[in-house]
Amino acid sequence: MKLFKISVFVVTGLVTTIAMALILMALYSDHDLFSSFTTAQANRSIQGASNNAVNQPLSADQLPPVEQFASIAKKDRYQHKVAVLMYHDIDPVKQGGDIITPALFASQLDYLRSKDMNFISLEQFRLFMEGGKVPDNAVLVTFDDGYENFYTTAYPIMKQRHIPGVSFVITGDFSKGALVATPHMTKAEIQNMTRSDPNMEVQAHTDKLHYKTSDTTDALTAPLVKDGVTETHEHYLARIENDLRRCVEALRPLTPHVVNTFAYPYGLHTPEVEKVAQDVGIRYAFTTELGLATRDTDVMKIPRINGGSPLIDPERLYNSIMWENQLPGRNLFIPDSIQHSGREAGESEKSVSSK
Ligand SMILES: [Zn+2]
């Protein structure tokens with residue numbers, strides 16, 4: 001009997017050891033596979049992407065193929081995080097840069113939903129950042145620039161699917177003299193939308209500061225130079241504070257929601273801009289940096305994932321979100337040149353209108 005017990009003990013120990021060895025081997029080989037992707041192919045792809053100038057977006061055949069890396073984005077759920085999607089322009093005819101077709105936008109939304117993604121409202125996002133809960137695989141849809149095609153094209157697609165969202169509006173574009181190439185939502189359209197749909201918000205994107213002043217600055221993030229003279233620091237701070245205040249005040253009568261959320265034009269921001277924005281009541285500010293938002297994210301530097309490029313098919317968008325969940329910062333599905341692509345990089349019409 002004693003011998004029997006000893007042999008059972010030995011056999012059990014042996015089986016456990018073999019099982020553990022097998023698990024370790026499996027983990028190691030997985031790791032090995034993983035690192036071979038990230039070090040070799042990934043570096044090549046990232047290098048390929050960064051060699052392209054921002055104003056010359058990649059063509060579809062220059063992008064890393066989705067299938068090649070899909071196995072990396074294999075974890076299909078995330079919790080206590082929000083993927084904030086970034087869009088700009090939607091048009092059934094025009095294509096390129098950051099203009100996508102209604103069909104692509106709709107197919108992205110439908111694909112994400114088929115993958116158990118849960119679309120949340122900006123209000124749910126705010127509550128989450130304050131410590132509240134969000135569903136697993138939470139996604140927030142955002143559109144920058146307040147184009148009229150948000151109202152005429154994107155909003156109906158979202159409404160039909162009960163998908164909430166937010167449009168960041170350049171309030172200076174309400175004025176008749178604004179020479180913008182793409183028509184802007186009117187106040188009446190905004191009111192019609194926000195009053196009939198509590199899940200659709202408009203928030204701030206400056207009043208008249210949405211124009212570049214150099215490759216790395218815009219009218220919000222740096223002092224202006226006029227006739228060779230740089231404005232004083234005091235004047236600069238007063239100018240941007242007045243502009244942001246005007247923007248928030250122009251939006252207040254147009255929405256039942258609190259106006260306390262901002263998207264930085266071109267994603268550009270500085271500690272000073274963040275402080276001024278907070279001084280006028282901004283509590284949440286979105287960048288164009290790539291990533292998922294968690295409760296630990298700086299509320300004045302909330303990252304987003306660009307969905308608004310004709311090159312981002314539904315599967316690429318989904319894999320990109322899952323990649324950011326697992327390996328933040330080295331996204332192969334949406335290279336930097338696409339994340340920051342589009343009209344905003346070289347939109348001269350807006351420069352004219354906003355001065
Ligand atoms: Zn913008």
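Here are some friendly notes on this predicted model, point by point.

1. **Confidence.** The protein averages a pLDDT of 82, and 74% of the residues score at least 70. Over residues 19-55, however, the pLDDT is below 50, although this stretch still has 24 contacts in the model beyond near neighbours in sequence. Residues 345-355 also stay under 50 in pLDDT, and here the model has 23 contacts beyond four places in sequence. Where pLDDT is low, the predicted coordinates should not be read in detail. Please keep that in mind when you look at the contacts of residues 19-55 and of residues 345-355.

2. **Overall make-up.** The secondary structure comes to 11 helices and 13 strands. Of the 355 residues, 42% count as buried. Among contacts with a separation of 6 or more, 71% join residues 24 or more positions apart.

3. **Helix H3 against H5.** Two packed helices are described by the angle between their axes and the distance between the axes. For H3 and H5 (residues 148-160), the axes come within 10 Å and cross at roughly 25 degrees. That angle is under 35 degrees, so H3 and H5 are roughly parallel to each other. The crossing of H3 past H5 is right-handed. On the H3 side, the contact is made by Pro102, Phe105 and Ala106, and on the H5 side by Thr153, Ala154 and Ile157. Sorted by class, the residues of this contact are five nonpolar and one polar, with no charged residues.

4. **Helix H3 against H9.** H3 (residues 102-114) also meets H9 (residues 314-326): their axes come within 8 Å and cross at roughly 50 degrees. This angle makes H3 oblique to H9. The crossing is right-handed here too. Ser107, Gln108, Tyr111 and Leu112 of H3 meet Pro314, Glu315, Leu317 and Tyr318 of H9. By class, the contact of H3 with H9 has five nonpolar, two polar and one charged residue.

5. **Valine 273.** Helix H8 itself covers residues 271-279. Leaving aside neighbours within four places in sequence, valine 273 is in contact with Leu220, Thr221 and Ile240. Leucine 237 is 36 residues away along the chain, yet its C-alpha atom and that of valine 273 are separated by 8.5 Å.

6. **Two backbone angles to look at.** Most residues other than glycine have a negative phi. Histidine 80 is not a glycine, but its phi is positive, at about 55 degrees. Histidine 80 sits in the loop between helix H2 (66-70) and strand E1 (81-87). With 14 C-beta neighbours inside 10 Å, histidine 80 counts as partly exposed. Aspartate 227 also has a positive phi, near 50 degrees, in a residue other than glycine. You will find aspartate 227 in the loop between strand E8 (225-226) and strand E9 (229-230). Aspartate 227 has 4 other C-beta atoms within 10 Å, and 12 or fewer is the cut-off for exposed, so aspartate 227 is exposed.

Methods
Residues are numbered from 1 along each chain as its sequence is written. This is a predicted model: local features need pLDDT of at least 70, side-chain atom pairs count only at pLDDT 80 or more; totals for chains, interfaces and linings use all residues. Axes are lines fitted to C-alpha atoms, for helices over the stretch in contact, and angles run from 0 to 180 degrees between N-to-C directions. Helices (H or I, at least four residues) and strands (E, at least two) are DSSP runs, numbered from the N terminus. Angles under 35 degrees count as roughly parallel, over 145 as roughly antiparallel, 65 to 115 as roughly perpendicular and the rest as oblique. A crossing is left-handed if the near helix is turned anticlockwise from the far one by less than a right angle, and right-handed if clockwise. Two residues are in contact if their C-beta atoms, placed from the backbone, lie within 7 Å. Ala, Val, Leu, Ile, Met, Phe, Trp, Tyr, Cys and Pro count as nonpolar, Asp, Glu, Lys and Arg as charged, and the others, Gly among them, as polar. pLDDT is the predictor's confidence in each residue, from 0 to 100. A residue is buried if 20 or more other C-beta atoms lie within 10 Å of its own, exposed if 12 or fewer, and partly exposed in between; C-beta atoms are placed from the backbone.
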